[in-house]
Amino acid sequence: MATAKKAPAKKVAAKKAAPAKKVAAKKAAPAKKVAAKKVAPAKKVVAKKVAPAKKVVAKKAPAKKAPAKKRTPNAAFMKALTLSPALSAVVGAAALPRTEIVRKLWIYIKAKGLQDKVNKRMVNADEKLRAVFGKAQVSMFEMAGLIGKHVK
């Protein structure tokens with residue numbers, strides 16, 4: 001209902017403003033004051049609607065996260081595996097977990113300088129590693145899969 005009352009009032013104000021321009025400037029001034037008074041309450045109504053929305057947003061508290069638990073290693077990764085003779089020649093132990101096998105392989109690769117100079121993701125195999133990998137050059141992503149053939 002409030003919008004129905006405002007709509008005709010604006011049309012009346014617009015009709016009065018048009019003849020006022022043709023007449024003297026003194027008559028046009030009161031017409032502007034009437035239009036300004038009618039527009040001002042509309043702004044206040046809008047401001048009242050927006051203000052409660054801001055208060056609702058401000059009331060939300062940030063969610064607190066639970067303290068992170070310390071990760072425990074999976075028992076399957078820590079299980080000691082028996083190595084093939086070719087792999088034990090590189091790593092140097094009889095039984096190691098898979099994580100240690102990969103770590104010792106990277107120690108061997110870095111010590112011998114077998115990582116490719118241009119593409120660091122590639123490993124150039126020497127005689128011992130060629131027996132394990134079966135190739136002259138292996139990607140570091142293939143390496144873990146090729147090791148799986150040499151462990152039980």
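Biologist: Which residues of α7 are buried?
Modeller: In this predicted model, the buried residues of α7 are Met-143, Leu-146 and Ile-147, where buried means under 20% relative accessible area, exposed means over 50% and partly exposed lies in between, with a 1.4 Å probe and protein chains only. Seen down the axis of α7, these buried residues fall within an arc of 95 degrees, so they line one face of the helix; the arc is that of the directions from the helix axis to the C-beta atoms.

Biologist: What do those buried residues pack against?
Modeller: They pack against α4 (85–91), α5, α6 (127–133) and β4 (137–139), with contact meaning heavy atoms within 4.5 Å. The helices (H or I, at least four residues) and strands (E, at least two) are DSSP runs, numbered from the N terminus.

Biologist: And which residues are exposed on the other side of α7?
Modeller: Phe-141 and Gly-145 are exposed there, and Phe-141 has a relative accessibility of 61%. The C-alpha atoms of Phe-141 and Met-122, 19 residues apart along the chain, are separated by 8.8 Å.

Biologist: Back to α5, at what angle does it pack with α7?
Modeller: Helix α5 (residues 98–112) and helix α7 (residues 140–147) pack at about 130 degrees, with their axes 11 Å apart. The axes are lines fitted to C-alpha atoms, for helices over the stretch in contact, and angles run from 0 to 180 degrees between N-to-C directions. The two helices are therefore oblique to each other, given that under 35 degrees counts as roughly parallel, over 145 as roughly antiparallel, 65 to 115 as roughly perpendicular and the rest as oblique.

Biologist: Which residues meet there?
Modeller: From α5, Arg-98, Ile-101, Val-102, Leu-105, Trp-106 and Ile-109 meet Met-140, Met-143, Ala-144 and Ile-147 of α7.

Biologist: New topic, where is His-150 found, and what does it touch?
Modeller: His-150 is in the segment after α7 and is buried, with a relative accessible area of 16%. Leaving out residues up to four places away in sequence, His-150 touches Thr-82, Leu-83, Ser-84, Ala-86, Leu-87, Ala-131 and Val-132.

Biologist: How many helices and strands does the chain have?
Modeller: The chain has seven helices and four strands, and from the N terminus on the elements run α-α-α-β-α-β-α-β-α-β-α. Buried residues make up 21% of its 152 residues.

Biologist: What should I know about the numbering and the pLDDT limits?
Modeller: Residues are numbered from 1 along each chain as its sequence is written, and side-chain values use heavy atoms, with hydrogens and water left out. As this is a predicted model, local features need pLDDT of at least 70 and side-chain atom pairs count only at pLDDT 80 or more, whereas totals for chains, interfaces and linings use all residues.
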